Amino acid sequence: MIYDYLVMNKITEELKDKVENSSITKVIQSEKLTVILTVKREGKSFDILFSVEPQNPRIYITSEKFTDLSPPHNFSLTLKKHILNGKILSLYIPPAERILKIDIKNRNEIGDIKGRSLIVEIMGRHSNIILIDGEDKKILGCIKHITSKVNRYREIIPNKIYIAPPYGEKKNPMNINEDNFLTLLMASRISNLEDILVKTFSGTGLIWAKEIIIRSGLKPEDKPELLTVRELKNLYRTWETSWKSAKASKGAILYKQSAEKLSCWKTPLVYPVELTLLKSLSFERITEINKALEWGYKIQKKEEILNIKKSNLLKDIKNYRKKLLQMKRNLEENLKNSEKAAEYKKKGKILLASMNVEIGEEKTLELVDIFTEEEKKVKIEINPSLSISENAQKYFKKYKKAMKIKE
């Protein structure tokens, strides 16, 4: 699933409509990196899921029921202490960033009203959920502790002052004119359009950059210096109109199944706008992006469970096949040995008929074959640490075993 700025911004818009001025009635930490807040407003309740799992960081309203961790996690206890029964005042997401700030007011232990802010940073494996004091910005708790050993610039641990992630030098994609856009493209040292857009503008994920380029009639791998001024200006116009249409869009598109193999994305995939680059895929329009995401993650979870079962089954089949092949080799070896039954019996008898022969250190004896008229000599392998009789018995045992296999 893709959870870029466009997705998160639309999620936030729907959340603002549903949960601003609501009361937090329940806090659950269902997993180590997942928190669910139950909020209530005007008699309606909503469960908001916040997860910062490295592979699937996400926020959306969920209808799934969860239970608290047992024993409770420290972060869960911190949230219950500071924001349970509090009122959500506002939700805010910076332009083209995946950082959600939820401002909350609540009464402390002595009844004083205190401001709190729950900050959810969706940044891949660096994602985090942080609760801070609304006044002095001191961290009250965080779902992942980041010490100075990991990040000297931003320590995310209780009692430290919260520092927002550095936004870097990327440009706001919705606040740039044509001249600056073209200048940035031509001045970039990056070789292709796709990478330039992703690395130059904040909030521009790979799928959105590809989409805009394809909409303009160009290719993601095109080099700006090889394009005409007309083509570059057309790219800017497409850029501008695409961002405007995305901002105005409502609901979401849920791509369920692939009509062809895609090198970059797997279905299910949820996006706020219909994507030209995925025109060969079947899709469904959903009126609310929160619902679309929940359905998408449910489909993904089922597919993950199915893939795990499939992987385990293939592993079992592979191991069973390996076992069968070994059994086959053993049977073939036994069958080969069974064909030597007469030979084993004969060698045993020759050994018994040669009881007077002394055994030295040699592992092979050359004895007279008494069962032939010519009395030819035959070589018989033996164990020099055993007597002639004991070596004969070993051959008789091989003979009996070979005869059983024949039967």
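1. Phe181 and Phe201 are both buried, where buried means under 20% relative accessible area with a 1.4 Å probe and protein chains only. Bear in mind that this is a predicted model: local features need pLDDT of at least 70, side-chain atom pairs count only at pLDDT 80 or more, and totals for chains, interfaces and linings use all residues. Residues are numbered from 1 along each chain as its sequence is written, and side-chain values use heavy atoms, leaving out hydrogens and water.

2. How do the rings of Phe181 and Phe201 sit? Their centres are 5.8 Å apart and their planes at 20°, so they are stacked (rings of Phe, Tyr and Trp, the last by its six-membered ring, pair if centres lie within 6.5 Å; planes under 30 degrees apart are stacked, over 60 edge-to-face, the rest tilted).

3. Now look at Trp208 and Trp243: with centres 5.9 Å apart and planes at 90°, this pair is edge-to-face. Trp208 counts as buried at 0% relative accessibility, and Trp243 does too at 3%.

4. The whole structure has 10 aromatic pairs.

5. Phe181 and Tyr271 turn up again in the largest nonpolar core, which has 79 residues; together with Ile59, they touch the most other members. Such a core is a set of buried Ala, Val, Leu, Ile, Met, Phe, Trp, Tyr and Cys residues joined through side-chain atoms within 4.5 Å. Apart from it there's another core of 13 residues, including Tyr344 and Leu351.

Terms used
Buried < 20%, exposed > 50% of the residue type's maximum accessible area, 1.4 Å probe, protein only.
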